[in-house]
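Please keep the structure in view while reading.

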Amino acid sequence: MTTQRDNWFGELVAEFLGTLVLLALGDGVVAMVMLFGTGVPGEVVRGGYTNITLGWGLAVFMGICIAGRISGAHLNPAVTLALAITRDFPWRKVLPYSLAQLAGAFAGAALVYANYRPAFLAFDPELTKTAGVFTTFPAFPEYWGNGLFDQVVGTALLVGLIWAITDPRNGVVPPNWQPLAIGLVVVAIGVSWGGMHGYAINPARDLGPRLFTAAAGFRNTGFDNYVFVVPIVGPLLGGVLGALIYDYGVRPHLPAEMKS
C-alpha cells in the first residue's frame, strides 16, 4: 500500500520530470531555431517561429503525459496557485510543487545546453546574446507595463482555457483528449500572443532556465533589471484571474444537464 509520504514523493518527482520534459523540448526547439536556422522567412525544416509555437505546444502535451496521472501535471506555479485558490488544492503543497517545477525547468535547460554546447560556442562564443534560447525577454524593454499586461492576459487565457477543457461540468473535451487540447492552447497563445514577452506564461518555465543561464556563465540574463520579475508576477496574477473569470463568468451558466 502506498503511504501519504510515498504519494508526496511521487507527485514531486512527477512535477520535476514533467517540467524537465517541457523545458527540454521547449528550449530545445528554440535552440534549433536560433542556432541552426538559416534565417529564411517562413523556414520550416530547421527553424522559424512556427516551429517554436508547435514545439512548445507539443512539449506541454508530452509533459502532461509524464505527470498527468500522478500529480495532475501542473508544471506551472501559476496553475498550482490557481488550483489552490479555486479548486481546493492543498496549500501545503503549493510551495513544494512550485520548487519541483522550478528544479525541473532548471534541469531541462541544462540538458539542452549540454547537448547543444558546441553550437552555442560556435554561434555565440562569449555567451552574450543567447540567453533568450532558455528564457524570455521583452520586445520593448522600455514599456515594462505592456510586458506585464501581456503576461497577465496570456496566463489568464491559459488557465481559463485549461479550466474549461478539464471541467467535468463542461464536458467539451473528452478526458483522453484533454492533454492534447491543452497543448493546442499553448500553440494558440504562442501564435497570437507571443510577441511582446515570449509568452512565458509560467514562472518556473522562465525563472528556472534563467537561473541556469546565470550559473552557466551566460551574460545579459535579465537579472540586472526588472526583466526577470515580469514573467513571475504576471503569470501568477494572470493564472488566478483566468480561473476566477471562468468560475464566475462561465461555470454558473453551463447548461443544467451538464452540471453535476
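A crossing of two helices is called left-handed if the near helix is turned anticlockwise from the far one by less than a right angle, and right-handed if clockwise. Helices here are DSSP runs of H or I with at least four residues, numbered from the N terminus. The model is a predicted one, in which local features need pLDDT of at least 70 and side-chain atom pairs count only at pLDDT 80 or more, while totals for chains, interfaces and linings use all residues. Residues are numbered from 1 along each chain as its sequence is written, and side-chain values use heavy atoms, with hydrogens and water left out.

By that convention H4 passes H7 in a right-handed crossing, and H3 passes H8 in a right-handed crossing as well. The geometry of both pairs is tabulated below, with axes taken as lines fitted to C-alpha atoms over the stretch in contact and angles running from 0 to 180 degrees between N-to-C directions.

| Helix pair | Angle | Axis separation |
|---|---|---|
| H4 and H7 | about 50 degrees | 7 Å |
| H3 and H8 | about 40 degrees | 8 Å |

Angles under 35 degrees count as roughly parallel, over 145 as roughly antiparallel, 65 to 115 as roughly perpendicular and the rest as oblique; H4 and H7 are therefore oblique to each other, and H3 and H8 are therefore oblique to each other too.

Contact means heavy atoms within 4.5 Å. On the H3 side of its contact with H8, the residues include Pro 77, Leu 81 and Ile 85, and they meet H8 residues among them Leu 236, Val 240 and Asp 247. The residues of this contact of H3 with H8 divide into 10 nonpolar, 2 polar and 1 charged, where Ala, Val, Leu, Ile, Met, Phe, Trp, Tyr, Cys and Pro count as nonpolar, Asp, Glu, Lys and Arg as charged, and the others, Gly among them, as polar.

Helix H3, residues 77-86, is mostly covered, since 9 of its 10 residues are buried (buried means under 20% relative accessible area, exposed over 50%, partly exposed in between, with a 1.4 Å probe and protein chains only). Its buried residues pack against H4, H5, H7 and H8.

Thr 221 lies in the loop between H7 and H8 and is buried, with a relative accessible area of 9%. Residues that Thr 221 touches, leaving aside those up to four places away in sequence, include Phe 137 and Arg 210.

Key:
Helices (H or I, at least four residues) and strands (E, at least two) are DSSP runs, numbered from the N terminus.
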